Amino acid sequence: MAASMQKLAFSSRLVLRGLHRTAPRHILKADASPSCRLFTSSRFSYFIFDSSNRSIFQSKCLGRATVAVCAFGFTGISFAKCWGFGYGSDGGKGNTSHEDLYVDSAERVYTSEDAETLNLTLYQYQVCPFCCKVRAFLDFYGIKYTIVEVEPVLRGELKFSEYRKVPVLLHQESTGKTIQMNDSSAIISALTTMLSTEQKDLAVISGYYPKVVSEKTSFWGRSKVEYENRYNIMLGRPGRSKAEKEEKKWREWADGVLVHYIAPNIYRTPREALLAFDYIGEMNKYGPIKKILSKYFGAAAMYLVSRKLKTKYELKEDVRQSLYDASREWMTAVGDREFMGGSKPNLADLAVYGVLNSFEGLGAFNDMTRETAIGPWYERTKKAVLSHRGSPQQT
């Protein structure tokens, strides 16, 4: 308990320091109480306290402290979901598959008619790496879709769904029936199966990826929901080529390794955490009040979370070095090829690109492209994605 209160007090001082540096002076006013400070504006209030003053637990401050702790924790965890760390988004190392039954396709050619049959709506967080993966896939293949941005705290946009994570992809059939697909890798595999085979019924294809509730709990103490076979393209015949095995391996690596290096790097220091939440606010077009709340409460919470994730995933003391090592590992696998898929990105290229695209523009991304050789590959893949190079019109 003492350790938890120490962490909370430290985080609160970060909030206070950030507010003194950046918030307009006319917005803030302080309660005269010596044991606590309540900063308020005409539209919101929040509580800052110092752990050195134990009178915080006196009855006159208890109500305010309770509100502050709840707001601090809830806001931080809510915004943790934006980056996909085991709560609120798919991912993780676990995966089950029946490789003796299914095989990836080497030739993935589809027609304009295939794309025209899809009526897709993507429920997402803009900066979630798993959502970025799905967008990269859809954009590369020139598949049209509508975006619904999910509010990360209440997630009212997902009230229709028992599955409360993102991404969620809905397909509206001509009959009016709606097919829901969950988990970024299962979504990509299901759509690739449809585009690669004669089976065009997404309801049938979705059944190839059954939901499995794991006994393991997530970082936040909840049972994990995963999707069986999510890295497999279903063609109904045995066998897998060397290229197909390589693609599957690195798709798993993107979800099970690379994605876990993001948070410890973008929230590495209090300053970087604040900059990351500036980025989140801009990308999601938050209003001024929400930007302030998300920036200071979210940044303080995620700074602490990132330190825990660093230990959990056994990153190096300088977490940048772990990110650099992962980048070099990927580029070694790509080798002399333009892409891992050869002349065009394959699903592994698109997965790694999507994960990295989620923090493009932040200091961690800039350091990575400067210190490793991944930059040219990233720019080639970005160009291929934005130009819809996998669409029928480009083949």
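I started with Arg230, which sits in the loop between strand S8 (223-227) and helix H7 (242-256); helices (H or I, at least four residues) and strands (E, at least two) are DSSP runs, numbered from the N terminus. This is a predicted model, where local features need pLDDT of at least 70, side-chain atom pairs count only at pLDDT 80 or more, and totals for chains, interfaces and linings use all residues. Residues are numbered from 1 along each chain as its sequence is written, and side-chain values use heavy atoms, with hydrogens and water left out.

Is Arg230 buried or exposed? I find Arg230 buried, at a relative accessible area of 1% (buried is under 20%, exposed over 50%, partly exposed in between; 1.4 Å probe, protein chains only). C-alpha to C-alpha, Arg230 is 4.2 Å from Ala186, though 44 residues separate them in sequence.

Ala186 took me to H5, where it is one of the buried residues. Twelve of the 13 residues of H5 are buried. At the N-terminal end, Asp183 caps H5, with a side-chain oxygen 3.0 Å from the backbone nitrogen of Ser185.

Next, the cysteines. I found zero disulfides (cysteine sulfur atoms within 2.5 Å). Cys128 is in none, and its nearest cysteine sulfur, in Cys131, is 3.6 Å away, so that pair is too far apart for a bond. Cys128 is buried at 0% relative accessible area, and Cys131 is buried at 0% too.

Key
Polar contact = N/O pair within 3.5 Å; in protein donor to acceptor, adjacent residues only side chain to side chain.
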